[in-house]
Amino acid sequence: MPIGSKKKQEDFSEIERQKEALQAQIDQLQSFIKDAPEKLQQEEQERLQTMPAPDELTQRRRENDFATRLTKGELKNERRHQARSALLFVLLLAAIISVSLWVYRIIMEAA
C-alpha cells in the first residue's frame, strides 16, 4: 500500500469523524429548538404554581386576618396609637441623645 493512499485514508476518516460530530451537534440543536417552547411553558407553569416563601405566606395571612377583624373605627384607633408610639419613640431618642451629650460635656469639662 503506498504511503499517499494511507494518508488520504486517514484524512478521509478524520473528515468522517468531524462530519459525525457536526451532525450530532446539529441534531442536538434541532431537538433543543423543537423542545424549547414546551420547556419554557412548563417552567412558567411551575413558577406560577409555586407557593411563596412561608414567611411571606404567614405575613399575608396575618394581614388578611387583621383587616377582616377590624372595623374602620378600630383601624383609625390603631393608626392613632401607632403614630403616638412613633412620637414617643422619637422623644425618647431625643432625650437619650440630650443626656448623652450632657454627660459627655461634664466629662470633658472635668478632664
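**Exercise 1.** Between which two helices does the loop that holds Thr50 lie, and is Thr50 buried or exposed?

*Solution.* The model is a predicted one, in which local features need pLDDT of at least 70 and side-chain atom pairs count only at pLDDT 80 or more, while totals for chains, interfaces and linings use all residues. Residues are numbered from 1 along each chain as its sequence is written, and side-chain values use heavy atoms, with hydrogens and water left out. Thr50 is found in the loop between α1 and α2 (54-69), where helices are DSSP runs of H or I with at least four residues and strands are runs of E with at least two, numbered from the N terminus. Thr50 counts as exposed because its relative accessibility is 53% (buried is under 20% relative accessible area, exposed over 50%, partly exposed in between, with a 1.4 Å probe and protein chains only). From Thr50 to Glu10 the sequence separation is 40 residues, and their C-alpha atoms lie 56 Å apart in space.

**Exercise 2.** Determine which elements make up the protein chain, and how its radius of gyration relates to the globule rule.

*Solution.* The protein chain has three helices and zero strands, and from the N terminus on its elements run α-α-α. Its radius of gyration is 38 Å, well over the 13 Å that the globule rule gives for 111 residues, so the chain is more spread out than a compact globule (the radius is taken over C-alpha atoms, and the rule is 2.2 Å times the number of residues to the power 0.38). Along the principal axes, the C-alpha atoms fill a box of roughly 105 × 60 × 15 Å. Of the 111 residues, 1% count as buried.

**Exercise 3.** Which two side chains meet in a salt bridge, and how accessible is each of these residues?

*Solution.* The structure holds one salt bridge, a term for a side-chain nitrogen of Lys or Arg within 4 Å of a carboxyl oxygen of Asp or Glu. The partners are Glu14 and Arg17, whose side chains meet at 3.0 Å, N to O. Both residues lie in helix α1, three residues apart, which is about one turn of the helix. Glu14 is partly exposed because its relative accessible area is 34%, and Arg17 likewise counts as partly exposed, at 49% relative accessibility.

**Exercise 4.** Examine Gln28: where is it found, and is it buried or exposed?

*Solution.* Gln28 is found in helix α1, which covers residues 3-49. With a relative accessible area of 55%, Gln28 is exposed. The C-alpha atoms of Gln28 and Gln42, which are 14 residues apart along the chain, are separated by 20 Å.

**Exercise 5.** Which helix holds Leu92?

*Solution.* Leu92 is found in helix α3, which covers residues 72-110.
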